[in-house]
Amino acid sequence: MIKQIITICILSAAVVSCKKEAAVSEVKPVHDSIAGTESREDQYKPIDTVCSSGNKTEDYIKSLQWYQAKIEKEMAGNSPEQNDKVYEDYLKIRSKYTECLMNLHTGVLDKYVNYYDADKDQYNFPDNIKKIASELKKAGLEFREVGEGMTEIWTIPGYYSSLFKNKVTPDYESYISQTDKESESNYAADAGLIISWEQLGDRLIFWENFMNKYPESRLIKTVKQDYNDYLSDYLLGMDNTPTYEREPDKGTGKLNDENKTEFNRMIKKYPNSNTAKKAKEIITFFDAQTPIDQIYEKINGAR
């Protein structure tokens, strides 16, 4: 989920960027459990999730709309536990269709940032891009700039919450709500953090509390990985936004004042958290002039 740059994911994307839609496994060509509930009266068949150059934007959008209508009908008669699986399957399908749409519109995505008029602080899109954006919106998708001149197609923030609220188990509802919130803005771009250090610290506390509250959740593996990625960024930073200043020729470094202030905030506000424990460790390492390479090994090797 973490280095979702920009990407709520790329990451968006997850991301976040980035970080945050990428938490699902590869999906096989569709005719899955969702499609299997089709009634005889409904003769429409969604296109395969295996990308094809013969498919158009409208084909993918129509299929996405079909799946949304199908799961809304299906969930009404399901238990929350069954709907957890519906969410997982639906996320995989949307991920594959979105990938196909990005492949289909590679040229548009490559040129997207060029339509920005810096003098007027606005975009001037040609009609063909406006039409594509309009089609994407019908399926809860949008163009999202993720940094370094790159643009991707992402799910609109809040989309999953609007579909699954009060229909899944508490752990899934909490997870969906938080990942939707995190997707509202890009996490990082150009190898640098975009959100504030305090915001990142608060994300860590949320996910730490989630793991403590739902230790048996099927989402634990995904959440733990995202937490660890966030924690590494929080303690050490990213290439263009490090938490420390390296001291030339010594192999050591000094914590930036703003990061040390944030670590002390974490320690004071959440003294019993694992995040606070790690914040204390990082301060100790830098105060002791531990070589930076060793700090990285200690922090990333102690997960």
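1. Are Tyr 159 and Tyr 160 buried or exposed? In this predicted model, both Tyr 159 and Tyr 160 are buried. The two rings form an aromatic pair of the edge-to-face kind, with 5.3 Å from centre to centre and 80 degrees between the planes.

2. With a relative accessibility of 21%, Tyr 44 counts as partly exposed, whereas Trp 66, at 9%, counts as buried.

3. Helix α1 also packs with helix α4 (residues 127-138), at an angle of about 15 degrees and with the axes 9 Å apart. Because angles under 35 degrees count as roughly parallel, α1 is described as roughly parallel to α4, and α1 passes α4 in a left-handed crossing. From α1 the contact draws on Thr 57, Glu 58, Ile 61 and Gln 65, and from α4 on Lys 131, Glu 135, Leu 136 and Lys 138. Sorted by class, the residues in the contact of α1 with α4 are 2 nonpolar, 2 polar and 4 charged.

4. The axes of α6 and helix α7 (residues 197-213) come within 11 Å of one another and cross at roughly 170 degrees, which makes α6 roughly antiparallel to α7. On the α6 side, the contact is made by Asp 171, Ser 174, Tyr 175, Gln 178, Thr 179 and Glu 182, and on the α7 side by Arg 203, Phe 206, Trp 207 and Phe 210. By class, the contact of α6 with α7 comprises 4 nonpolar, 3 polar and 3 charged residues.

5. A further helix pair is that of α8 (residues 220-236) and α11 (residues 292-300), which pack at an angle of about 150 degrees with their axes 11 Å apart. Given that angle, α8 is roughly antiparallel to α11, and the crossing in which α8 passes α11 is right-handed. Ser 232, Leu 235 and Leu 236 in α8 meet Ile 295, Tyr 296, Ile 299 and Asn 300 in α11. The contact of α8 with α11 has 5 nonpolar residues and 2 polar ones, with no charged residues.

6. The loop between α10 (274-287) and α11 holds Thr 290, and Gln 289 lies in that loop as well. Thr 290 is buried, with a relative accessible area of 13%, while Gln 289, at 35% relative accessibility, counts as partly exposed. Leaving out residues up to four places away in sequence, Thr 290 touches Thr 252, Phe 285, Ile 295 and Lys 298; of these, Ile 295 is also among the α11 residues that meet α8.

7. Arg 246 is placed in strand β9 (residues 244-246) and is partly exposed, with a relative accessible area of 44%. Its contacts, apart from neighbours within four places in sequence, are Thr 252, Gly 253 and Ile 292, and Thr 252 is likewise touched by Thr 290. From C-alpha to C-alpha, Arg 246 and Pro 291 are 9.8 Å apart in space, although they are 45 residues apart in sequence.

8. Which backbone angle has a positive value in Asn 166, a residue other than glycine? The angle is phi, which in Asn 166 is near 65 degrees. Gln 289, which is not a glycine either, has a positive phi of about 60 degrees. Asn 166 lies in the loop between α5 (159-164) and α6 (170-182), and at 64% relative accessibility Asn 166 counts as exposed.

Notes: Residues are numbered from 1 along each chain as its sequence is written. This is a predicted model: local features need pLDDT of at least 70, side-chain atom pairs count only at pLDDT 80 or more; totals for chains, interfaces and linings use all residues. Side-chain values use heavy atoms; hydrogens and water are left out. Axes are lines fitted to C-alpha atoms, for helices over the stretch in contact, and angles run from 0 to 180 degrees between N-to-C directions. Helices (H or I, at least four residues) and strands (E, at least two) are DSSP runs, numbered from the N terminus. Angles under 35 degrees count as roughly parallel, over 145 as roughly antiparallel, 65 to 115 as roughly perpendicular and the rest as oblique. A crossing is left-handed if the near helix is turned anticlockwise from the far one by less than a right angle, and right-handed if clockwise. Contact means heavy atoms within 4.5 Å. Ala, Val, Leu, Ile, Met, Phe, Trp, Tyr, Cys and Pro count as nonpolar, Asp, Glu, Lys and Arg as charged, and the others, Gly among them, as polar. Buried means under 20% relative accessible area, exposed over 50%, partly exposed in between (1.4 Å probe, protein chains only). Rings of Phe, Tyr and Trp (its six-membered ring) pair if their centres lie within 6.5 Å; planes under 30 degrees apart count as stacked, over 60 as edge-to-face and the rest as tilted.
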